[in-house]
Amino acid sequence: MYILATEAEFSLARVSVPAACSAIEVNCSQPTQPALLEALTPVFNLSAIRPVMNMTTPTNVSIFFTLYGILGVDEKAQLLSTYLWLHYWWMNEFISWDPVQCGTSRISLPVKKFWVPDIVINEFMDENTAPSVPYMYVYNDGSVHDSHPVKVVSSCNLDIYTFPFDIQNCTFTFNSYIHFAMDIKIFLGKHADDITEHSKSVMTTMGEWQLLDITSHKYTEGVEDGFYIDELKFHIRVRRRPTLYVVNLLIPSCFLITVDLFSFLLPPQNVDRSSFKMTLILGYTVFLLIMNDLLPITGNTIPLMNVFFSLCLALMVTSLLETIFITNLLCGSADFSPVPQWIRVLVLQILGRLVFMPLKTKEPRDSDMKPMAGLAQLPEESGPAVEGKALQELRSLGKDLQAIRLQVEQQLGRSQSSEEWIQVGFIIDRLLFGFYILFVTVSFITIIIIWSNAYSQ
């Protein structure tokens with residue numbers, strides 16, 4: 001499971017010892033592991049000190065890791081959970097033996113018997129729950145290889161504005177906790193591209209997140225005296241797989257908003273459009289409540305998807321209010337006062353032409369009044385002898401028909417003011433329909449572009 005690096009790959013971990021000093025020579029009585037362990041016993045007593053002959057000599061620690069799994073991201077707490085295989089290499093100048101005399105060039109020994117550098121990850125935010133490895137390899141030339149798994153729960157500044165098409169860049173900073181650079185220096189033990197490729201090949205978790213790349217940055221300090229903490233930073237870029245959210249959130253939401261769009265084709269004078277829209281709003285609200293667990297919760301930024309859902313709900317509510325307004329105009333416009341001049345100019349003339357619904361002027365038809373007026377205004381002759389019975393009946397019939405017509409016009413006929421108010425309602429309805437089409441089109445195009453760009457990276 002662990003990677004065993006060659007001596008050439010970790011040459012940075014080796015330090016040259018002054019000629020006046022020499023490593024403790026380990027002499028084995030026979031080429032067996034018990035004999036080598038017995039010969040190394042004096043070295044075990046030096047585990048409390050940094051393994052250098054000269055205290056001015058820094059211990060060079062080479063570090064690399066393998067990202068074995070991305071366990072999850074907590075947007076609310078701004079945490080990234082990963083599983084790493086960590087590898088540390090350094091030189092122990094107290095150890096040296098002849099591999100021919102001792103029968104081996106390396107031996108695995110308990111970690112607690114040797115000095116171990118206090119390398120930590122600055123972003124660590126929780127306890128390491130990975131299993132501990134009690135052994136490490138010691139080589140005949142003094143190089144030490146410590147390798148162990150780590151479950152890292154690290155802080156990460158998450159930017160979820162483009163959720164679910166977001167790419168996160170998190171940092172692991174390796175440094176000594178108390179030792180300055182004059183004591184411990186940290187180096188990259190493996191090229192960052194090799195770390196990325198190997199991590200992708202061994203990664204077993206195929207969950208929500210996908211590893212893009214791992215880059216490294218060596219912290220350099222301008223101070224020459226060494227009174228600073230040496231650091232090595234790794235930048236891990238991960239991308240969220242958006243398919244789950246597109247299928248479960250975006251597509252159903254677009255379907256519901258499209259249904260509300262086509263509800264404008266229902267004639268408001270014949271169908272109760274408001275009941276249909278109210279049912280649709282209720283269904284959309286229940287849908288958002290059910291899918292609320294899929295949405296990220298954080299106080300840092302508001303995801304663009306949340307804004308999209310809010311706009312969809314706002315458009316649905318606006319269309320319901322507009323339907324109520326039109327229904328009110330259709331039912332009670334006869335009792336309204338005449339349309340104000342500014343509404344006549346802004347809505348009937350400007351917006352009416354914009355939505356291809358210009359105001360149609362209705363000319364009065366004089367022919368409807370002429371027959372009855374002629375009957376009602378027949379000449380009266382003085383004297384009962386001249387006025388015939390038939391003429392009197394016709395005049396009475398004309399008056400009755402005129403009264404009936406005026407009564408019908410008052411009850412069923414629509415005045416010019418009523419027609420203008422109804423026209424205002426239909427123009428607003430057509431205008432909101434156009435806004436709906438524009439919003440749905442722009443939303444679909446934006447989602448497709450962002451989705452394609454996310455997969456192309």
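Lining residues, in the legends below, are those with an atom within 4 Å of a point of the pocket. The model shown in these close-up views is predicted.

**View A. The second largest pocket and the residues around its centre.** The second largest pocket of this predicted model has a volume of about 280 Å³. Its lining is made up of 16 residues, and those closest to the centre of the pocket are L304, F308, T446, I447 and I450.

**View B. Helices and residue types in the lining of the second largest pocket.** Two helices, α7 (304–332) and α11 (416–456), each contribute at least two residues to this lining, and the largest share, amounting to six residues, is supplied by α11. By residue type, the lining of the second largest pocket consists of 13 nonpolar and three polar residues, with no charged residue among them.

**View C. The open sheet of six strands.** The strands of this open sheet follow one another in the order β3-β5-β6-β2-β1-β8, and their pairing is mixed. At the edges lie β3 (106–110) and β8 (184–188), each of which pairs on one side only, while the twist from one strand to the next averages 35°.

Terms used: Residues are numbered from 1 along each chain as its sequence is written. This is a predicted model: local features need pLDDT of at least 70, side-chain atom pairs count only at pLDDT 80 or more; totals for chains, interfaces and linings use all residues. Side-chain values use heavy atoms; hydrogens and water are left out. On a 1 Å grid over the protein atoms alone, a cavity is a set of points where a 1.4 Å probe fits but cannot get out, and a pocket is an open set with protein on both sides within 12 Å along at least five of seven lines; lining residues have an atom within 4 Å of a point. Grid points are joined across faces, edges and corners, and a volume is the space filled by probe spheres set on the points. Helices (H or I, at least four residues) and strands (E, at least two) are DSSP runs, numbered from the N terminus. Ala, Val, Leu, Ile, Met, Phe, Trp, Tyr, Cys and Pro count as nonpolar, Asp, Glu, Lys and Arg as charged, and the others, Gly among them, as polar. Two strands pair if DSSP finds at least two bridges between them. Axes are lines fitted to C-alpha atoms, for helices over the stretch in contact, and angles run from 0 to 180 degrees between N-to-C directions.
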